[in-house]
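Work through these exercises with the model open beside you. Try each task before reading its solution.

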Amino acid sequence: MVIHLKKSIVLLSCIYGFCSFADPADNRWSVNPAGGITWTIDARIPHSDHIEMSGEQISTVLRYGVDANGAFLLERSFVWPMLRTVPNDTHASLMRRFGWNVTGDMLTVDGRRLAPETVRSITLDGVMTVVSEFAYPRNGKLELTRSLFPSPSKAAFCEKYVLRNTGETHMNIEAPDARSVTKTDAAQGVDGEYLLEASVTGVPGRSVAPGDSVVFYAVYQAYRRDERSAAVDVEQALQERRTLMALLWNRLILDTPDRTLDRMFAFAKIRAAESIYRTKGGYMHGPGGENFYAAIWANDQAEYVNPFFPFLGYDKGNQSALNAFRHFARFMNDAYEPIPSSIIAEGLDIWHGAGDRGDGAMIAYGAARYALARGDRQEAEELWPLIEWCLEYCRRHVNEEGVVTSDSDELEGRFPAGEANLCTSSLYYDALVSAAYLGKSLRKPASLLSTYTRQARDLRAAIDRYFGGDVEGFDTYRYYRGNDILRSWICIPLTMGIYDRKDETVRALFSPRLWTENGLLTQAGSKTFWDRSTLYALRGVFACGETDKALDYLAFYSNRRLLGDHVPYAIEAWPDGGQRHLSAESGLYCRIITEGLFGIRPTGLNSFTLTPRLPDEWDEMALRNIYAFGNVPFDIKVSKHPRGMKTEIYSNGKLIKSHTGKNGETISIKI
């Protein structure tokens, strides 16, 4: 692809009120040629940040930084989701924090502690790599490279240390083998006592010549009393982690003139896919954030990330999605009592503390979208009864005015949602549309499918009557009846193909009442923001055709999240949760591209509509190695053309469809 540099994000004024876009010169991090991002340490210290990294049996939040003297700071927060604590509730994963300074506490150089450290760079690419220097008299110098990462398959966190003599004299280096074991209180563990082990594979004392290096390792793990510590080969674990990163980065590749967008998309795939745990109840995708593991939710998993996994073609992602829907299906019942919001403790218990949050609509929406995009007839047939049950549950909660009632919404009472909210009815609407598409592919009775189509049509009209109206001078949506303050979730109809009030809704979203340097406020006048509504909004603004406006705000958001002071993923919320890197939000980021920028809308097990939105300043864009609709990869290439825009679909290197038309024109595709 020919690359044209995107214009710099500059200060601009606009009628929508948000007038200061970030200057990339203020970025702390930069995109590097190898595929990651790098912080080259300059005078802007001290600075600290945190990042979550996950494997099948462990998740770790690294709280790291560089102090005022240039030294590396690190505290490791470990979570072992399958080592359950008492009471065995949503948050009952074994968790501990370790601040052990392996180099400072263990290493000696010429018989003394390691000299003061100066960090040169920190790189993130699925592994944290920290490069530091240590200066000694008589031209002595050492370079230390730390590689920090979770084991992809074991309940262990790994650290590799390479200490290289970059000076002009021999230096004697030694570090002892060490092993520390802590036993937990047996009364606090579901399985009794757990053992926490930290170990260092040391370096026998030897003289290291200039240019030579020594390597040593640290491993942190936990296990049950009747188990033995795992034999962890750190080099093998590092190779496994690198292999996983390569797999994720080489599937569903975004290729645009904007390197920051491309790289943010690549990182989002990592966070969305890595947070999957091998539990007693099968693979479970977990939000993370030192709170939410070995459990599933109707919003985070069913609604947000599960419909994304078929596009990525990541087997464990698809397995976790299907497994989640199977768990929810266990709670279908003839009395149509609500399915619980969350299934916790490796599938052994439930949480339903906020009542019906519109969970039936979330599950129906997510299951239908997943089944269509997955393109697997057997899975779709298995999921059909769950979709049908959830749609009937929602129908039974439609009020006299034609919209769906629920006890709360996914914010669980943090902000008012009334008796009926815009999110639940919008999700139910799209679920009906998707069910009609899916049912046709599965040859379900025509009478049932026509009923779904009619219900969707009636619901769309009811949504406009019930929620539509003036809010703070914008002819947009009230989030609930009686709502007179702008809410970020007015964006959700746009993501469901409801564009009746798009102009005023977009104007409201980007007004100073809602848009801030951190994206959308949950409610105008508050200080709270949740990335999920910003991510939905950006997807919806692309989808409704406001392409260049959406691109400006997406570029601003991506630059801030990927290269700013808290990197490299979408976050949950602030002040709630302290801007944790919850994983499903990264799935929502990816869906801005698949469903917003490229406008992919599943219409069958092997068919979809495509409404690409090529920004005016780009000559072309592409989405490559898409695995949806049957798991056979295909590419979408979009480019400017004298007659508007040319869209080409390739599979196995062969052109299967070419279309020339207007920018934003909808095309029907069959794979």
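A residue counts as buried when its relative accessible area is under 20%. The model is predicted.

**Exercise 1. Helix α2**

Task: Which residues of α2 are buried, and what arc do they cover around the axis?

Solution: 
- Step 1. Apply the burial cut-off along the helix. The buried residues of α2 are V234, A237, L238, R241, L244, M245, L248 and W249.
- Step 2. Look down the axis. These residues cover an arc of only 130°, so they lie on the same side of α2.
- Step 3. Check the length. Helix α2 has 16 residues, 234-249, and at 1.5 Å a residue it should span 22 Å. Its end C-alpha atoms are 22 Å apart, which agrees.
- Step 4. Inspect the N-terminal end. D233 caps it, with a side-chain oxygen 3.1 Å from the backbone nitrogen of E235.

**Exercise 2. Strand β17 and its partners**

Task: How many residues of β17 are buried, and in which sense does β17 pair with β12 and with β15?

Solution: 
- Step 1. Count the covered positions. Ten of the twelve residues of β17 (residues 213-224) are buried.
- Step 2. Take β12 (residues 156-165). It pairs with β17 in the antiparallel sense over nine bridges.
- Step 3. Take β15 (residues 194-201). It is also antiparallel to β17, over eight bridges. Here L196 stands opposite A222 in β17.

**Exercise 3. A four-strand sheet**

Task: What is the strand order of the open sheet that contains β8 and β16, and which strands are its edges?

Solution: 
- Step 1. Follow the pairing. The order is β8-β7-β13-β16, with antiparallel pairing.
- Step 2. Find the edges. β8 (112-113) and β16 (203-208) each pair on one side only, and they are the edge strands.
- Step 3. Zoom in on one pair. Two bridges join β7 (residues 108-109) to β8. V109 has R112 in β8 as its bridge partner.

**Exercise 4. Aromatic pairs**

Task: How are the ring planes of Y304 and Y536 set, and how are those of F325 and Y370?

Solution: 
- Step 1. Search the whole structure. It holds 29 aromatic pairs.
- Step 2. Classify Y304 and Y536. Planes over 60 degrees apart count as edge-to-face. Their ring centres are 6.2 Å apart and their planes stand at 70°, so this pair is edge-to-face.
- Step 3. Y304 is in α4 (residues 298-305) and Y536 in α13 (residues 531-543), so the pair ties together parts 232 residues apart in sequence. Both residues are buried.
- Step 4. Classify F325 and Y370. Their centres are 5.9 Å apart and their planes are at 45°, so this pair is tilted.
- Step 5. F325 lies in α6 (residues 315-329) and Y370 in α7 (residues 359-374), so the pair links parts 45 residues apart in sequence. F325 is buried at 0% relative accessible area. Y370 is buried too, at 0%.
- Step 6. Look for a group. F78, W80, F98, W100, F157 and Y220 form one aromatic cluster.

**Exercise 5. Arginines over rings**

Task: Which arginine lies over the face of Y627, and which over the face of Y536?

Solution: 
- Step 1. Start at Y627. R251 lies over its face, 4.3 Å from the ring centre.
- Step 2. Return to Y536. R539 lies over its face, at 4.5 Å from the ring centre.

**Exercise 6. Burial of Y136**

Task: Is Y136 buried or exposed?

Solution: 
- Step 1. Locate Y136. It is in strand β10 (residues 128-136).
- Step 2. Compare with the cut-off. Its relative accessible area is 17%, so Y136 is buried.

Technical notes: Residues are numbered from 1 along each chain as its sequence is written. This is a predicted model: local features need pLDDT of at least 70, side-chain atom pairs count only at pLDDT 80 or more; totals for chains, interfaces and linings use all residues. Side-chain values use heavy atoms; hydrogens and water are left out. The expected span of a helix is 1.5 Å times one less than its number of residues. Buried means under 20% relative accessible area, exposed over 50%, partly exposed in between (1.4 Å probe, protein chains only). The arc is that of the directions from the helix axis to the C-beta atoms. A polar contact is a pair of N or O atoms within 3.5 Å; within protein, one must be able to donate a hydrogen and the other to accept it, and residues adjacent in sequence count only if both atoms are side-chain atoms. Two strands pair if DSSP finds at least two bridges between them. Rings of Phe, Tyr and Trp (its six-membered ring) pair if their centres lie within 6.5 Å; planes under 30 degrees apart count as stacked, over 60 as edge-to-face and the rest as tilted. A charge sits over a ring if NZ of Lys or CZ of Arg is within 6 Å of the ring centre and within 35 degrees of the ring normal.
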